[in-house]
Amino acid sequence: MSGGGTETPVGCEAAAGGGSKKRDSLGTAGSAHLIIKDLGEIHSRLLDHRPVIQGETRYFVKEFEEKRGLREMRVLENLKNMIHEANEHTLPRCRDTMRDNLNQVLQRLQAANESVYRLQQREQERKKVNSDHLIASEKQHMLQWDDFMKEQPNKRAEVDEEHRKAMERLKEQYAEMEKDLAKFSTF
């Protein structure tokens with residue numbers, strides 16, 4: 001059997017004290033001791049499975065750790081290959097593409113900036129022209145208003161004079177009409 005202890009033959013021959021004397025079976029107290037020892041070994045081999053279970057457990061743990069280590073090694077190897085691929089191929093290709101595209105983007109951005117700058121200048125010029133025109137128009141309106149206000153007293157005087165003359169004419173006309181009416185009323 002496979003176990004942790006040493007095997008000794010049951011009943012007959014066992015070396016006591018390192019000598020090679022044969023012993024009587026069941027004759028002495030020492031042989032009883034050996035028999036008990038042998039029975040203990042038999043009992044432990046037949047009924048005590050701890051050493052076997054411990055051995056199997058150690059074997060399982062060892063296998064599991066080896067498989068786990070191999071799996072982790074495969075994962076690490078895959079990561080290493082991916083990093084190598086990225087460093088050797090992907091990054092240089094991305095860098096070159098980025099340089100090419102950045103130059104195009106930079107040129108487009110400069111063209112857009114120039115267009116925006118021209119549009120801003122045109123807008124400022126248009127606002128300035130509108131502002132100048134508005135100021136000139138406002139000044140012209142103020143001058144016209146001043147002239148209008150200066151003419152108002154003269155026109156008022158003219159209108160007052162015309163009104164006075166019209167009133168005099170009406171008074172004369174009504175006076176004549178009253179005279180004519182007085183002539184007819186005497187009839």
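How many residues apart in helix 2 are Arg-99 and Asp-96? They are three residues apart, which separates Arg-99 and Asp-96 by about one helical turn. The points below set this pair in context.

1. Basis of the model. This is a predicted model, in which local features need pLDDT of at least 70 and side-chain atom pairs count only at pLDDT 80 or more, while totals for chains, interfaces and linings use all residues. Residues are numbered from 1 along each chain as its sequence is written, and side-chain values use heavy atoms, with hydrogens and water left out.

2. Confidence. The protein chain has a mean pLDDT (the predictor's confidence in each residue, from 0 to 100) of 81, and 84% of its residues reach 70 or more. Over residues 1-21 pLDDT stays under 50. For that segment the model has 19 contacts (heavy atoms within 4.5 Å) beyond four places in sequence.

3. Secondary structure. The protein chain holds two helices and zero strands; both terms refer to DSSP runs, helices being H or I of at least four residues and strands E of at least two, numbered from the N terminus. Helix 2 covers residues 50-185.

4. Annotation. The unreviewed UniProt entry carries the annotation "coiled-coil region" for residues 95-122 and 156-187. UniProt positions are given in the numbering used here, feature names are shortened, and annotations may be inferred rather than shown by experiment. In the model, residues 95-122 are 100% helix and 0% strand, with the end C-alpha atoms 40 Å apart.

5. Of the 187 residues in the protein chain, 2% are buried; buried means under 20% relative accessible area, exposed over 50%, and partly exposed in between (1.4 Å probe, protein chains only). The chain exposes about 17,500 Å², with carbon and sulfur atoms supplying 58% of that area. Accessible areas come from the Shrake-Rupley method with a 1.4 Å probe, and for residues only the protein chains shown count as cover.

6. Nonpolar patch. Met-73, Val-75, Leu-76, Leu-79, Met-82 and Ile-83 form a nonpolar surface patch with about 600 Å² of accessible area together. Patches are made of residues with over 30% relative accessible area and no salt bridge, like charges being joined within 9 Å and nonpolar side chains (Val, Leu, Ile, Met, Phe, Trp, Tyr) within 5 Å. Met-73 lies in helix 2 and is exposed, at a relative accessible area of 53%.

7. Salt bridges. Side chains of opposite charge can pair when their charged atoms come close. A salt bridge here is a side-chain nitrogen of Lys or Arg within 4 Å of a carboxyl oxygen of Asp or Glu, and the count is five. One of them joins Arg-99 to Asp-96, with the closest N and O atoms 3.5 Å apart; Asp-96 is partly exposed at 41% relative accessibility.

8. Arg-126 and Glu-123. In this salt bridge the closest N and O atoms are 2.4 Å apart. Both residues lie in helix 2, three residues apart, about one turn of the helix. Arg-126 is partly exposed at 44% relative accessibility, and Glu-123 is partly exposed at 31%.

9. Lys-155 and Glu-151. This salt bridge has its closest N and O atoms 3.8 Å apart. The two residues are four residues apart in helix 2, and about one helical turn separates them. Lys-155 is partly exposed, with a relative accessible area of 42%, as is Glu-151, with 39%. Elsewhere, salt bridges that share partners join Glu-161, Arg-164 and Glu-168 into one network.
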